[in-house]
Each structure stands twice: as structure tokens, then as C-alpha cells.
Amino acid sequence: MRDNLARVRERIGADVEILAATKYVDADDLPALAEAGIELVGENRVQDLLAKQERHRDLFTWDFIGALQSRKLKDIAPNVRLIHSIASESALRRLEQHPAREVLIQVNVAGEESKEGVGPGELADYIANCPCPVTGLMTMPPFTEEPERNRRYFARLAELAAEHGLQRLSMGTSQDYAVAAEEGATIVRLGSVLYEGA
């Protein structure tokens, strides 16, 4: 895993944060991630986040990257640095009761009906109505075997962030992280590219 991490770092440079997605990583295996040099992890499910933090909170910085159920915000907000997936009016309302340190607004730049996220045209209202600091944007473009196909979506997210004066861009996964980094990603969310062969 240390070698995998080094290869990724070589491709994207020192300034992009590497977030290890731990959805399929057992709590018993988390110390191995820390030993390999991983500092930032992202969890998709609230119950897994809390269970893993109970055992290994101090090993990492923790973000929440999963689809957000607004009623779970009270458990998520105090336990993570950053929530990557604010995308509903109900989540905004819950944030008033359970403020997060920082959030990213999830934008559906490809307009996929199956994906969470606000439309680019709704973004200004979401930022204005968010009761806690919005420091960036996140997107999940269409799955593709050809990373170049997602370049336009990453470029569009970077444009939107610049228009709204936002610094963080959470975009790119194991399939397309290098292209995302070229288009301005500040955080890439990686799984298999870190774990394969480890």
C-alpha cells in the first residue's frame, strides 16, 4: 500500500490531498493504512464511521463522503473535518441544528438522474442558505473506463468553484484521479488504486 500511495503521489503532486475511502476496509485493517502513510480517510456510512472512530479515531483525519441522510447529521457533524455530500434542502435545515465545521456542496455537473447533487443553476442558493461554512464543491461524474471523458465535468466543477470563490474541490476516484488533479482537484477520493495488491 505504501508503494501504491507513492505512485499516486508521484502522479498528482504534493498539494492534492489523498483521501482513502474506507467503505470496504474492516476496522481491524485501519492501522495498516496509517502505517502505509495514509492520513485522511473518508467513510460512506454513519454507523461504520462511528464504529471505526471508536477504535481508531486518533490515527486519521476523518471526512464523510457518502450519500447523506439528513437525520444522521447530528452523528456526523461533530465527528468529521468535512462533509463532502450536502445536496438537499433537508440537509441544509438539519445543519442549522447540528452545524458542521465545513461542508462541500455536491454538484451534479453531468445532470445524471441517478446521482445526488444540486444543479449548477441551484448552487448559489444552496451556498447562500447553508448555515455553516461552505468551502468547496464535490462531484461524482459518470462511471467510465476512459478518464478523459470526465475531464469536462471536472473542469466545469472548477469553474463553478472559482465563480463562487471556493477553494476545495473534491473530485476524482481511482478511475480518473489523475485527470481530476490536472483540472484542479484539491482532494481525490481513492479506493482500489491504493489497496490493490496490498
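**Salt bridges, surface charge and helix faces in the predicted model**

Glu159 and Arg156 are separated by about one helical turn, being 3 residues apart in helix H7 (residues 151-163); helices are DSSP runs of H or I with at least four residues, numbered from the N terminus. The two side chains form a salt bridge in which the closest N and O atoms are 3.2 Å apart, a salt bridge being a side-chain nitrogen of Lys or Arg within 4 Å of a carboxyl oxygen of Asp or Glu. Glu159 is partly exposed, with a relative accessible area of 43%, and Arg156 is likewise partly exposed, at 29%. Here buried denotes under 20% relative accessible area, exposed over 50%, and partly exposed the range in between (1.4 Å probe, protein chains only).

The structure is a predicted model, in which local features need pLDDT of at least 70 and side-chain atom pairs count only at pLDDT 80 or more, whereas totals for chains, interfaces and linings use all residues. Residues are numbered from 1 along each chain as its sequence is written, and side-chain values use heavy atoms, with hydrogens and water left out.

In the whole structure, 14 salt bridges are found. One of these pairs Glu43 with Lys52 at 2.9 Å, N to O, and both residues are buried. Another links Glu146 to Arg149, with 3.6 Å between the closest N and O atoms. In this pair, Glu146 is partly exposed, with a relative accessible area of 45%, while Arg149 is exposed, at 52%.

A surface patch of positive charge is formed by Arg71, Lys74, Arg93 and Arg94. Patches comprise residues with over 30% relative accessible area and no salt bridge, like charges being joined within 9 Å; Lys and Arg count as positive, and His and the chain ends are not counted. The place of a charge is taken as NZ of Lys or CZ of Arg, and accessible areas come from the Shrake-Rupley method with a 1.4 Å probe.

Helix H1 (residues 2-12) has Asn4, Leu5, Val8 and Ile12 as its buried residues. Viewed down the axis of H1, these buried residues fall within an arc of 100° and therefore line one face of the helix, the arc being that of the directions from the helix axis to the C-beta atoms. Arg2, Asp3 and Glu10 are exposed on the other side of H1.

Terms used
Patches are made of residues with over 30% relative accessible area and no salt bridge: like charges are joined within 9 Å, nonpolar side chains (Val, Leu, Ile, Met, Phe, Trp, Tyr) within 5 Å. Helices (H or I, at least four residues) and strands (E, at least two) are DSSP runs, numbered from the N terminus.
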